[in-house]
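Subject: Structure handover

Dear colleague,

Please find the structure below. My notes on it follow.

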Amino acid sequence: VATTLEIAIKYEAAERSASTDALTSLPNSRSLYRRLARELAQSKRAGAPFSVLVSDLDGFKDVNDQYGHLRGNELLAEIAVSLQNACREYDFVARLSGDEFVLILPGATGEVSERRSNVLRGVIEKAAERLIPGCGVTASIGIAAFPADGVEAHELLRSEEHTSELQSLAYLVCRLLLEKK
């Protein structure tokens, strides 16, 4: 017969497993859905900005092809740690899928997020170079800023200012995540 403590420990482990990416130990898309919904609700209530950054690794497929998937996985884990270390303690870093990471930056306007994206791009490139010298992995980062670009997902998607493919991905991710709440 399991004790209450044993059951609680097993439940906590199952919950952590269901909300954490096994490779990077970052929150997974399930956790991202919840956090984005909370952040949007808080932003609307307080009138505070926040931004969502979607990062896609450029050249990652070449790493997998040249060095193998195990080395590619090591690179994803290294980048995950580097992103977390480069963010504020209240920022949220998650792995969406494959080589895509999503960051939620509470209190960050679009202008602030643009500067942060440049810093994070450098963090990713340095982590890749540190682990696999000469691999040439870089990052493309799209930004969706709330409420400047809109307070509802559909407003963000219609914004004329956002033309890059990755910025479109950022808005698509926001829309999909918010529709699941």
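Predicted model: local features only at pLDDT ≥ 70, side-chain atom pairs only at ≥ 80, totals over all residues.

Buried here means under 20% relative accessible area, exposed means over 50%, and partly exposed is in between (1.4 Å probe, protein chains only). Residues are numbered from 1 along each chain as its sequence is written, and side-chain values use heavy atoms, with hydrogens and water left out.

Overall layout

The chain has seven helices and four strands. These are DSSP runs (helices: H or I, at least four residues; strands: E, at least two), numbered from the N terminus. Their order from the N terminus is α-α-β-α-α-β-β-α-β-α-α. A contact is a pair of heavy atoms within 4.5 Å. Of the contacts between residues at least 6 apart in sequence, 68% join residues at least 24 apart.

The loop between α1 (4-19) and α2 (29-46) holds S25. S25 is not a glycine, yet its phi is positive, at about 65°. Most residues other than glycine have a negative phi. S25 is exposed, because its relative accessible area is 54%, against a cut-off of 50%.

After α2 comes G47, with a positive phi near 70°.

The buried residues of α2 are S31, L32, R35, L36, A37, E39, L40 and S43. S31 counts as buried because its relative accessibility is 12%. Leaving out residues up to four places away in sequence, S31 touches S19 and F92.

Salt bridges

Side chains of opposite charge can pair when their charged atoms come close. With a salt bridge taken as a side-chain nitrogen of Lys or Arg within 4 Å of a carboxyl oxygen of Asp or Glu, the count is seven. Three of the pairs are described here.

- R95 and D21 form a salt bridge at 3.1 Å, N to O. The pair links distant parts of the chain, 74 residues apart: R95 is in strand β2 (residues 92-97) and D21 in the loop between α1 and α2. R95 and D21 are both buried.
- D65 and K61 form a salt bridge at 2.7 Å, N to O. Both lie in helix α3 (residues 60-67), four residues apart, about one turn of the helix. Both D65 and K61 are exposed.
- E111 and R115 form a salt bridge at 3.3 Å, N to O. They lie four residues apart in helix α5 (residues 110-131), about one turn of the helix. E111 is exposed, at 57% relative accessibility, whereas R115 is partly exposed, at 48%.

An α-helix has 3.6 residues a turn, so residues three or four places apart point the same way.

Packing of α3 and α4

Helix α3 packs against helix α4 (residues 69-86) at an angle of about 140°, and the axes are 7 Å apart. Axes are lines fitted to C-alpha atoms, for helices over the stretch in contact, and angles run from 0 to 180 degrees between N-to-C directions. The two helices are therefore oblique to each other, since angles under 35 degrees count as roughly parallel, over 145 as roughly antiparallel, 65 to 115 as roughly perpendicular and the rest as oblique. From α3, F60, V63, N64 and Y67 meet H69, R71, G72, L75 and L76 in α4.

F101

F101 is in strand β3 (residues 100-106) and is buried, with a relative accessible area of 0%. Apart from neighbours within four places in sequence, the contacts of F101 include L26, L53, V54, L76, I79 and R95. F101 and V54 are 47 residues apart along the chain, and their C-alpha atoms are separated by 5.9 Å.

A cis peptide bond

Most peptide bonds are trans. The one joining F146 and P147 is cis, with omega about -5°. P147 is in the loop between β4 (138-146) and α6 (153-158).

Regards
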